[in-house]
Amino acid sequence: MMHGAALVDRVRARLADSGDEPSAAHVAAALKAEGRLVSDAAVLEVVSSLRSQIEGLGPLAALVRDPAVTDVLVNGPDDVWVDCADGLRRTQVRFPDEAAVRRLAQRLAATGGRRLDDAMPYVDARLPDGIRVHAVLPPIAPRSTCLSLRIPRRRVFTLDELMGAGSVTPLAAEFLGALVASRASFVVTGCAGAGKTTLLSCLLGRAPSRERIVLVEDSAELRPEHPHVVRLEARPPNVEGAGEVTLRDLVRQALRMRPDRLVVGEVRGPEIVDLLAALNTGHEGGCGTLHANSAREVPARVEALAVAAGLDRAAVHSQLSAGLEVVVHMGRDRDGARRVREIGVTAPSGQGLTLVEPALTFIEGEALDGRGRARLDQLLARSLS
């Protein structure tokens, strides 16, 4: 940059005091008032910097434009990280000071229709382009304002591309393709950033073109390449606390929209009750993603969500055993690579509970059969009938 951040800040302060827009003429006048005579190119550079700070993502704009970046994480003015296919890495991006990070966080929250200030020091918001924003202000975050951006996928990968990237083995791709064709109900599980949404988008693209897919999401992240997709998106409450539309509301609406496949982008709350009910009332092929550390922990995770929503334990496991059939678990290696690690099937435990039995476990390119392999073959045989 041809001039320091301090000069840009002073120009911004002058424009704020005068109420002028950051046009080339007003910026040139402000620079002259600062005793700086600069070229037309330098004026345009300041204009671009100011507009980015006032209207856009500021210093983060270039990071967000990078197609390899899935998350941008700001821990402080000089501590900015990105998450890519090869894991987390620190960037050279810097903010002038903590106040600049705070201003950006507050502007993004306001763009998403949310409030962020000392009275409400943390926020979740969604920008018009689908970017999910989370921010926490001091003193809740003692060192500095913390800002996290989750960037929606710009394109959908095919199974062939996931195989090329090493995320899916050829044998796993064969089974996953048959899973979609069988119309078995399934969830894709894993930790945050494991690639659950990427895989689910890819699999939904394999659904027959005659089927109607209804997506229910917090924010539009699933992007299946399919000719008949209907999207429903949740809405947070406005600054007055009104107008909220929850995922549970949308699952109920989706059931009235004649879905061939009901898809909940991320199951993480009371919507699990309505999804389980749907899977038990003839809605084949339903699916979604779920945060879980392993496939075998899915019943406990579902139980925790459903009991908190009002179902008793026996009812949860009864509906889970009858409604959900397959679990596809994604993992992330130490090098950041995302891979399908396991395919499991649900089964009764004999004590009124449901468990997930491993059917196929993928280790270093090899596939190991588990107790649930015969059950998986039986479910997938439906795609051949």
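Which elements do the buried residues of α13 pack against? Before selecting anything, note that this is a predicted model, where local features need pLDDT of at least 70, side-chain atom pairs count only at pLDDT 80 or more, and totals for chains, interfaces and linings use all residues. Residues are numbered from 1 along each chain as its sequence is written, and side-chain values use heavy atoms, leaving out hydrogens and water.

**Stop one: α13.** Select residues 373-380; helices here are DSSP runs of H or I with at least four residues, strands are runs of E with at least two, and both are numbered from the N terminus. Colour L376, L379 and L380, the buried residues of the helix (buried is under 20% relative accessible area, exposed over 50%, partly exposed in between, with a 1.4 Å probe and protein chains only). Now show α7 (170-182), β12 (326-332), β13 (338-348) and β14 (354-363), which the buried residues pack against.

**Stop two: α10 and α11.** Select 271-279 and 298-308; the two helices pack at about 110°, axes 7 Å apart (axes are lines fitted to C-alpha atoms over the stretch in contact, with angles from 0 to 180 degrees between N-to-C directions). Show I272, V273 and L276 of α10 with V302, L305 and A306 of α11, which make the contact (heavy atoms within 4.5 Å).

**Stop three: two cysteines.** Pick C84, buried at 5% relative accessibility, then C146, partly exposed at 26%.
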